[in-house]
Amino acid sequence: QWGVFFAHQLPEPVLMGLFSALMVLVAWRMLQREKREAGPSDHGAASWGQKNCMLDQHTGRLAWTAKCSATLAALGAVTGAVSGLLGVGGGFLIVPAFKQLTDVQMRGIVATSLMVISLLSLIGVAGAFHAGVRIEPIGWVFIGASIVGMLAGRRLCSVIPARTLQVGFASLCVLVAIGMVVKAAI
């Protein structure tokens with residue numbers, strides 16, 4: 001709610017600049033990880049106590065300590081504020097933060113991120129339909145193309161090495177950020 005409030009208070013070029021800065025930060029973090037890690041790690045290699053939220057070794061679920069609860073609450077608040085302000089949050093913030101703060105497997109992190117995105121999207125779509133918004137024909141074309149793109153991407157990700165995908169996504173983030181800064185400056 002606070003993020004949406006501030007988004008309405010700030011001029012569009014400032015919002016575009018903030019979004020661009022966030023994209024560059026994400027790209028930089030991805031490339032830093034690329035340098036440090038030999039390959040994609042499916043499971044955090046941290047030993048017990050190194051991360052704020054650790055999996056219980058007996059149950060395989062998060063051990064809900066005060067530190068873990070506070071960490072995830074703060075992550076939710078920051079993600080919600082940035083999502084309201086800039087319209088991003090799931091993949092841009094949750095995935096890197098979970099990787100940094102927990103020892104949850106990458107599959108679990110991605111599943112959590114996708115579930116959050118799905119729930120927020122469902123709430124947004126339901127709210128829009130309730131308010132009387134209708135999808136125009138071009139919108140259905142976009143939805144169809146998105147589904148085809150997701151299916152094609154799913155097939156390609158098993159063929160393209162993870163490092164190539166990571167560096168490619170980071171490079172795309174930087175290019176989009178540069179384009180947005182140029183557009184905001186004009």
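Colleague: What makes Cys-53 and Cys-68 a disulfide?

Modeller: In this predicted model, the sulfur atoms of Cys-53 and Cys-68 lie 2.4 Å apart, and because a disulfide is defined as a pair of cysteine sulfur atoms within 2.5 Å, the pair is counted as one. The structure holds 1 disulfide. With 110° about the S-S bond, the link of Cys-53 and Cys-68 is right-handed.

Colleague: Which parts does the pair tie together?

Modeller: Cys-53 sits in the loop between helix H2 (12-36) and helix H3 (66-86), while Cys-68 belongs to helix H3, so the link ties together parts that are 15 residues apart in sequence. Helices here are DSSP runs of H or I with at least four residues, numbered from the N terminus.

Colleague: Why are Cys-53 and Cys-68 called buried?

Modeller: Buried means under 20% relative accessible area, exposed over 50%, and partly exposed in between, with a 1.4 Å probe and protein chains only; Cys-53 has 0% and Cys-68 has 0%, so both count as buried. Cys-173, at 2%, is buried too, whereas Cys-157, at 34%, is partly exposed.

Colleague: How do you know that the span of H3 is close to the expected one?

Modeller: The expected span is 1.5 Å times one less than the number of residues; H3 has 21 residues, for which 30 Å is expected, and its first and last C-alpha are 30 Å apart. Among the buried residues of H3 are Cys-68, Thr-71 and Leu-72.

Colleague: What do these values rest on?

Modeller: Local features need pLDDT of at least 70 and side-chain atom pairs count only at pLDDT 80 or more, whereas totals for chains, interfaces and linings use all residues. Residues are numbered from 1 along each chain as its sequence is written, and side-chain values use heavy atoms, with hydrogens and water left out.

Conventions
Helix = DSSP H or I, 4+ residues; strand = E, 2+ residues; numbered from the N terminus.
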